[in-house]
Amino acid sequence: MRALVACLVLLALGVNGAERSNGVLHHRVGGVSGENFLFSGSSASSVVRRSPLPQPTPLPVTAPKRIISLIPAVTEMLFAIGAGPQVAAVSSFDRYPPEVSKLQRVGALLDPDIERILSLRPDLVAVYASQADLRTQLERAKIPVYVYSHAGLADVLVTLRQIGERVGHGREAADLARSIQSRVDAVRSRVAGRARPRTLIVFDRETLTLRGIYASGGIGFVNDMVEAAGGVNVFSDAKQQSVQATTELILARRPDVILELRGDPVAADIKTREVGLWRALNSLPAVRNSRVYFLDDQKTVVPGPRVGEGVELIARTLHPTAFR
Amino acid sequence: MALARRLALTVSGFGLLTAAAILTSPLIGSTHISLRRAFDRAIPFADNVDAQIFFIARLPRTLAGALVGSLLASSGVVFQGLLRNPLATPFTLGVSAGAALGAMLAITFSWSFAWAGLSAAVAASFLGSLTAVGIVYGFARGRHRGLSTNVLLLAGVTMNAFFSALILFVQYFADFSQTFRILRWLMGDLDISSYQPLVSALPLVVISFVSFAWLARPLNLLSLGDENAETRGLNVVRAQRTAFVSASLATGAAVSVGGPVGFIGIVVPHLVRLIVGPDHRLVLPASALFGAAFLVGCDVIARTVMSPLELPVGVITALIGGPFFLWLLVRKR
């Protein structure tokens, strides 16, 4: 009997919670990984040009003043639209903009520090879609959440607009999204009509050896950025975000350009050595024409407000003559 | 005389199988290549994609599979003999956990040194495996005159647990992509894309195999128990020490080349025993040969079954090895 009462109470609380969750913006919830069911993300021309998702819920009257972002890309967006002063804490991987160095760290994707998050009394927490436990705990504590998931380049602008409206900087966010859009469009038209190099996009591999190579598949914002920058991903036929590229696959796909993208800074001498390693596969057009590039720039790997610059950087790398 | 004939028969039988595996494997892959073009000397190597796929992608990979499979299978035999435990594997005494910790440290803290032509992760994994077995050896010595197999086993299991805890601890400092790389390393990967790792491992391989050849008879005697072996003139302490050190070096070398590929060290020796019987003079060479064929075969499956994508080879060996292991356990009852 007692258990039944407890159940009913819980149920009531749950229903109550659901009603009060007007402020909780559940955009793009539902997919297991949350990303690819909305966007196939494969055809570059449709990307970036699609309109943002409709806003599902009315917006809160008061803008949040104590935001916690567990997502570096969202942190960058908040600062870029002038919501920086509203940010109370960030994830342990945040490095940009420099202002974040003064903020508290509350863990990240795999190890969010729920105690510290609660103790900071946030009024909005941006979490990854996969952080289900954290979301449950926050919702139980009646703390509004913004649910984020990685997806294509178009989604970066959708997220930007949504987070802007959510924190009371909707207009700045819309302006920024437009300027990113026009920057990407400018790059597109600059490289239009040029031969599109077949590009191997390496996310990660073992240091100083060509082993354990992970490359971008035909889905995801990095793939979209390279397409926008006038390249063709050699693994665009792989409908997944990353592909384990074996030596044989790389030799068979014959990339014209090899782009190694890293988010963390790499010392110049190490970069030279990493690029030199590819000489072992000297039948690749990319190697024979010395078109192996090592970019350790966060712009190319963080799906934040700098993606426009990232696209431009990649385009300058793929088509140096177009930017003379 | 009978032994010499059986040995010749065993070696030639398993040798043929291994040779067939090694010769067939480079012909199979996700891409179609023309062998005539691959071996055409008239085309410069740098222009010859078929030759590059054959000689840079497939051949080193096949040789790595053969070497790793052979080392793991034969050191499995030695550990089972030394510990007198049919369920012992090359990884029972903490070698793989030590190697994993080493690789993990190298990956997490982005070490970028190179040692004997090996990358940091490879070198660190080898040093890690040596550290782990060194500690286990230190514990098992001391007490008695020889190595206590019980202490060895307990210390090994404890080291495995302790190093796993350290791995989790270090992993806390790793970021997402590093964690992923470590996970991938643990599944084993034979795509070495150059001959350098094989060359670097060669001295250890030679030392190990020479020791194994010497160990065949001592292991037979050890299976009778330490005292019986001693009365039959075996220097038990020396035999145990040689077995332990050489099998550990072999395992460390194998793991540094291909990662901790599981189940070979137990599946292959038992399959071989079913065919040739318990005599180590036959089991050791047969396991060394069959281990090579087995891993090369598993790798062919790994890289073709989902072509052009590929499965980690450790997944295939575990999928085959896991059920077999259970069957073995049930049969033993």
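How many residues does helix H4 of chain B have, and how far does it reach from its first C-alpha to its last? Select residues 95-108 of chain B in this predicted model. Helix H4 has 14 residues and reaches 20 Å, close to the 20 Å expected at 1.5 Å a residue.

Step just past its end to Ser110(B), which takes a positive phi of about 45°.

**The interface**

Next, show chain A and chain B together. Here 38 residues of chain B are in contact with 33 residues of chain A. The area buried between the two chains is about 3000 Å². Carbon and sulfur atoms give 53% of that area.

Turn to the polar links. Across this interface there are 14 residue pairs in polar contact, both residues at pLDDT 80 or more. Which elements of chain B each supply at least two residues of the side that touches chain A? Select helix H3 (49-83), helix H5 (120-140), helix H7 (176-186) and helix H10 (236-258) of chain B. H3(B) gives the most, with 7 residues. Colour the side of chain B that touches chain A by class: 18 residues are nonpolar, 10 polar and 10 charged.

The interface of chain B and chain A also has 3 salt bridges. For a salt bridge with a partner in each chain, pick Arg58(B) and Glu248(A). Their side chains meet at 2.6 Å, N to O.

**Salt bridges in chain A**

The structure holds 22 salt bridges over all chains. Go to Arg205(A) and Glu260(A), whose side chains form one of them at 2.7 Å, N to O. This pair links distant parts of the chain, 55 residues apart. Arg205(A) sits in the loop between strand E6 (198-204) and strand E7 (214-216), while Glu260(A) lies in strand E10 (residues 257-261).

Are these two side chains' residues buried or exposed? Arg205(A) counts as buried because its relative accessibility is 2%, under the 20% cut-off. Glu260(A) is buried too, with a relative accessible area of 1%.

Arg262(A) counts as buried at 13% relative accessibility.

For a last stop, select Arg116(A) and Asp113(A). Their side chains meet in a salt bridge at 3.9 Å, N to O. Arg116(A) counts as partly exposed at 36% relative accessibility. Asp113(A) is partly exposed as well, at 30%.

Methods:
Residues numbered from 1 in each chain as written. Chains lettered and ligands numbered in written order. Predicted model: local features only at pLDDT ≥ 70, side-chain atom pairs only at ≥ 80, totals over all residues. Heavy atoms only, no water. Helix = DSSP H or I, 4+ residues; strand = E, 2+ residues; numbered from the N terminus. Expected span 1.5 Å × (residues − 1). Salt bridge = Lys/Arg side-chain N within 4 Å of Asp/Glu carboxyl O. Buried < 20%, exposed > 50% of the residue type's maximum accessible area, 1.4 Å probe, protein only. Contact = heavy atoms within 4.5 Å. Buried area = accessible area lost by both parts, 1.4 Å probe. Polar contact = N/O pair within 3.5 Å; in protein donor to acceptor, adjacent residues only side chain to side chain. Nonpolar A, V, L, I, M, F, W, Y, C, P; charged D, E, K, R; others polar.
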